[in-house]
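Please consider the model shown below. The explanation that follows passes from a sheet and its helices to a single helix and its surroundings.

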Amino acid sequence: MLLIKNGYLIDPKSGREGVLDILIEGERITAIGEKLPVREGMEVYDAAGRIVAPGLVDVHVHFREPGFTHKEDIDTGARAAAKGGFTSVVLMANTKPAVDNPETLAYVIRRGRETGIHVYTCANVTCGLKGKELVDMSGLAALGAAGFTDDGIPLMDEALVRSAMETAARLDLPISFHEEDPSLIANNGIHRGKASEFYGIGGSPREAEITLVERDLQIALETGAHIDIQHISTREAVELVRQAKRKGSNIHAEATPHHFTLTEEAAIEYGTMAKMNPPLREEADRRAIIEGLADGTIDMIATDHAPHTMEEKAKPITEAPSGIIGLETALSLGISELVEKNGFSLRQLFALMSTNPANLYHLDAGYLAEGGPADLIVLNRDASWVAGEYLSKAENTPFTGKTMKGCVEATVCGGRFVYRNR
């Protein structure tokens, strides 16, 4: 038994807040209340002066296994997640081999179960990520796929997209879309504007995102599929999602910490360390994303944790891969940018980072309640720390060396400590 005493509990699902104790027996919470008694044999963790909240849920991460384990693997990714306060993650399927077949799906699920956190995985939408033939979505769903995505590669065949959404709707599983029309992009990862002019390249225009978001929102409204517009980056796409959500409850969108924190200026300052797809854009886009998070247009924060080696990131701007790591800095960036600078409550932040993503993927996560899962974090809201010394294999992020606000002191998953620093 584990008794977490004196913490300030925040449960975004019920709205419950206050100084309360939490008793954990096995993998479930068995009691929440004031001054619960300490009994013989209990492990007691004093969380006085700390926030106790549901374990975070990230529905967009790349752990690179199988095929690219020199960048990350499921073990190291899970450890990085636990350090960042995440107890549940959903893996993207752009591995090698891709998760388009039962064998690879079974392998990833098995490896995930060997970690200390809950690791789920999407399956691909199309065979081999080629955008031409749908996978056996029903068969892969029956074997445990949490959802479907070809993340990293946009789907350009409208008829195929419609068929995939129809099947996802029937299976009641989410389908997530990377919205960048490659026919409009000269060099990906860098915004067409000030940043592309600085590098003397064509860059990625905002229209590349807008056109596909508009298409897929309309198809989703017609099919009823629960879709996730991934890593939204433009103010126009935010407004398109806002209008679509007024017509259907099946529309969802996610924002990354880097898109609500940084602009294309970071791509100029940090080079490839701030190169990502879709790219960092203008201040007006960043503000629109924050407004979308505030009013519920964007209902999730997801890291798009994308590990690469430093050797890869040392290549020229047009050759280096896109993406940054994010699991270990996401919560602090949410606290500093959304809570401290933009007036979000911690309850709002935890809803965006735990309850809402858990709901989309039908996960038993994202809440604190008697009988509920013993997945939680203990947060020192006022502590500062310097980003670096990552548990991820990778270090590709522009936030290294930056002072971060809010420190995860303990992560509990399934009733066990999977991370603690005091």
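This is a predicted model: local features need pLDDT of at least 70, side-chain atom pairs count only at pLDDT 80 or more; totals for chains, interfaces and linings use all residues.

Residues are numbered from 1 along each chain as its sequence is written, and side-chain values use heavy atoms, without hydrogens or water.

Strands S6 and S7 (residues 86-91) are joined in the parallel sense over 4 bridges; pairing requires at least two DSSP bridges between two strands. Both belong to an open sheet of 3 strands, ordered S6-S7-S8 with parallel pairing. Neighbouring strands are turned by 20 degrees against each other on average, direction ignored.

Helix H1 (residues 74-84) lies across S6 and S7 and runs at about 135 degrees to S7; angles, from 0 to 180 degrees, are taken between N-to-C directions of axes fitted to C-alpha atoms. Helix H13 (residues 346-360) also packs on the sheet, touching S6 and S7 (contact means heavy atoms within 4.5 Å), and its direction makes about 75 degrees with that of S6.

Elsewhere, helix H6 (residues 207-223) has 17 residues. Its buried residues (under 20% relative accessible area, 1.4 Å probe, protein chains only) include Ile210, Leu212, Arg215 and Asp216. Among the elements covering the buried residues of H6 are helix H4 (158-171) and strand S12 (251-255). Just after H6, glycine 224 adopts a positive phi of about 85 degrees.

Technical notes:
Helices (H or I, at least four residues) and strands (E, at least two) are DSSP runs, numbered from the N terminus. The expected span of a helix is 1.5 Å times one less than its number of residues. Buried means under 20% relative accessible area, exposed over 50%, partly exposed in between (1.4 Å probe, protein chains only).
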